[in-house]
Amino acid sequence: MLAIQSAEGTQMVMTHALPALEEPITQGVVGKMTPEQIRETVAVLVQQNKMEIANALSEAALALHPQNEEVLVIASLLAESQADWAKAEALLVQVAQIQGNAVTPQTWLHLAKVLRCQDKNEDAATVLDFAAEKYPDNDAIKAECESFMAFVISQAEQSEQAIAA
């Protein structure tokens with residue numbers, strides 16, 4: 001059983017993949033967890049809708065493992081799930097920097113999504129263009145590019161209609 005301290009008090013969270021931890025989550029306790037255990041625990045907390053605790057664990061993990069790809073990825077997904085687009089963007093940029101020349105299609109897709117959610121459409125287009133060039137056969141990237149183009153065309157048509165009116 002894993003005990004996690006939140007602002008509301010200590011809450012117990014059952015996780016089958018983790019070692020038995022009976023103390024509240026602190027950086028010392030998080031420091032004993034592997035990045036994989038942190039990722040799994042955050043995922044379980046999100047499933048249990050314990051977002052405050054998931055955020056606390058994520059922040060502690062980021063403080064201890066600021067360059068760990070697994071921690072950055074789960075933290076970015078957590079930020080996305082809470083529509084914290086700016087934070088998700090910053091974390092995904094760090095993930096891309098760590099991945100270097102081997103940035104995954106998923107990283108590019110998530111980055112494009114968070115950029116679009118912030119109305120940074122030119123940046124999203126740049127990311128998608130690069131991703132499509134690097135992964136021309138990736139179906140998810142193709143689909144996102146098509147969706148984005150449909151969005152851009154729709155926006156252009158709405159602008160034309162507004163001008164004509």
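A salt bridge is a side-chain nitrogen of Lys or Arg within 4 Å of a carboxyl oxygen of Asp or Glu. In this predicted model, Glu 59 and Lys 87 form such a pair, with their closest N and O atoms 2.2 Å apart. Glu 59 has a relative accessibility of 39%, and Lys 87 has 28%.

The structure holds 6 salt bridges. Another of them joins Glu 80 to Lys 113, where the closest N and O atoms are 3.5 Å apart. This pair also links distant parts of the chain. Glu 80 sits in helix α4 (residues 69–81), Lys 113 in helix α6 (residues 105–117), and 33 residues separate them. The two ends differ in accessibility. Glu 80 is buried because its relative accessible area, 7%, falls under 20%. Lys 113 is partly exposed, at 38%.

A further salt bridge stays within one helix. Arg 39 pairs with Glu 36, and their closest N and O atoms are 3.9 Å apart. Both residues belong to helix α2 (residues 35–47). They are 3 residues apart, about one turn of the helix. Arg 39 is partly exposed at 29% relative accessibility. Glu 36 is partly exposed as well, with a relative accessible area of 40%.

Methods
Residues numbered from 1 in each chain as written. Predicted model: local features only at pLDDT ≥ 70, side-chain atom pairs only at ≥ 80, totals over all residues. Heavy atoms only, no water. Helix = DSSP H or I, 4+ residues; strand = E, 2+ residues; numbered from the N terminus. Buried < 20%, exposed > 50% of the residue type's maximum accessible area, 1.4 Å probe, protein only.
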